[in-house]
Amino acid sequence: MAGKRIVVDVLNGEASFPPPIWMMRQAGRYLPEYREARRQAGGFLDLCYNPDLAVEVTLQPIRRFGFDASILFSDILVVPHALGRDLRFEEGRGPLMTPIREGEVDELDGEAFHVNLAPVYETVTRLRKELPDETTLIGFCGAPWTVATYMIAGHGTPDQAPARLFAYRAPEAMRRLLNTLAERSAEYLKRQIAAGADVVQIFDSWAGVLDEASFEAFCIEPVRLIVESVRREYPDVPIIGFPRGAGALYDTYRARTGVTALGLDWSVPWTQARKLQAEGAVQGNLDPLRLVAGGRALSEGVDAILSELGNGPLVFNLGHGITPETPIAHVEQMIARVRGASAK
Ligand code: CP3
């Protein structure tokens, strides 16, 4: 299979220039065809749990832009949902859940976990059949810490204060919650791989709000458990860890979790990024607002990534998800600039 799916080879440490490219949240509201499918589905979760529609929206950015990788369309919060926690998405408000209390941590109901997630596995199976052979299929889950922050607060917050307070007041309950999520997320990823995912990514969007001790206990340790469990069964499947905002702690994260490749956000300095890249592939890290701005801000951002990281194993991506106000023409400009670049 070597050479067939370039994103897999690069994640395994092979340098390739121009680098392969995809975008976090590449299926989404910036695309009119996504907004139409979303309208037909009714709610966001109906889109996630309907394989026909989930396959359709996953393929939309591949058809339009020909990205080198496709990411399963779903959400990180389907895991707590499948464990019996309620979940709603309201237009303009994001996810809403009933906040979990300390006493409920040991009552998470895993009985129907894989039955509840069966539509996701079916989506992955169908995607692998429908995607072009050379397109890498990425499965994903949220990191336990990031998933827990939404379970505890019940909604998005600017700094995840409710989850941090929970962790300080009830560290043992927090550890048990994260352990359960880690075990279940590992099973979830393994099922996605069995269904046809070539790569998996662990999204830890809120890794950046923790102090060093909490980062080790609540971010690194559960991700390490997931990596260990997935590797035992699938030693060759690349695992991308994305601890957004981890700053200087990116180094420890790579060393201690054992992920194959690191997703970098745009705040990581080049010296650190190159050091990290010397130990394995990196993915990222354009500021999504450069993509909104377009013009010189975009060209300069793309060029900087290519010249600083283009000599090593790099998967070109954004430093976080694309935002709904992004003009499609700017996405085209970005792809053309990456694909048209010549090696220095
Ligand atoms: O990347 C992709 O195209 C795959 C799909 C994907 C979605 N969410 C679809 C989505 C992925 C990988 C995610 C991950 C996710 N979900 C994360 C981690 C990555 C990140 O962006 O930080 C988080 C924290 C969530 C939880 C979540 N889902 C939030 C906070 C929100 C609301 C914010 C928003 O953008 O509206 C969502 C909703 C969501 N997930 C949308 C999409 C396309 C928009 C909902 C809609 O269509 O109405």
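Q: If buried means under 20% relative accessible area, exposed over 50% and partly exposed in between, with a 1.4 Å probe and protein chains only, which of these does glutamine 160 count as?
A: Glutamine 160 counts as buried, because its relative accessibility is 0%. This is a predicted model, in which local features need pLDDT of at least 70 and side-chain atom pairs count only at pLDDT 80 or more, while totals for chains, interfaces and linings use all residues. Residues are numbered from 1 along each chain as its sequence is written, and side-chain values use heavy atoms, without hydrogens or water.

Q: And where is glutamine 160 in the fold?
A: Glutamine 160 is in the loop between α8 (144-153) and α9 (161-169), where helices (H or I, at least four residues) and strands (E, at least two) are DSSP runs numbered from the N terminus. Although glutamine 160 is not a glycine, its phi is positive, at about 55 degrees.

Q: Which loop holds arginine 25, then, and is it buried or exposed?
A: Arginine 25 is found in the loop between α1 and α2, and it counts as exposed because its relative accessible area is 56%. Its phi is positive too, at about 65 degrees, although arginine 25 is not a glycine. Most residues other than glycine have a negative phi, and most peptide bonds are trans.

Q: What distance separates serine 205 from a ligand oxygen?
A: A polar side-chain atom of serine 205 lies 2.5 Å from an oxygen atom of the ligand, which can be read against the limit for a polar contact, a pair of N or O atoms within 3.5 Å. For arginine 38 the corresponding distance to a ligand oxygen is 2.7 Å, and for histidine 320 it is 2.7 Å.

Q: One more: how exposed is arginine 175?
A: Arginine 175, in helix α10 (residues 171-195), counts as partly exposed because its relative accessibility is 36%. From valine 230 it is 55 residues away in sequence and 20 Å away in space, C-alpha to C-alpha.

Note on methods: A polar contact is a pair of N or O atoms within 3.5 Å; within protein, one must be able to donate a hydrogen and the other to accept it, and residues adjacent in sequence count only if both atoms are side-chain atoms.
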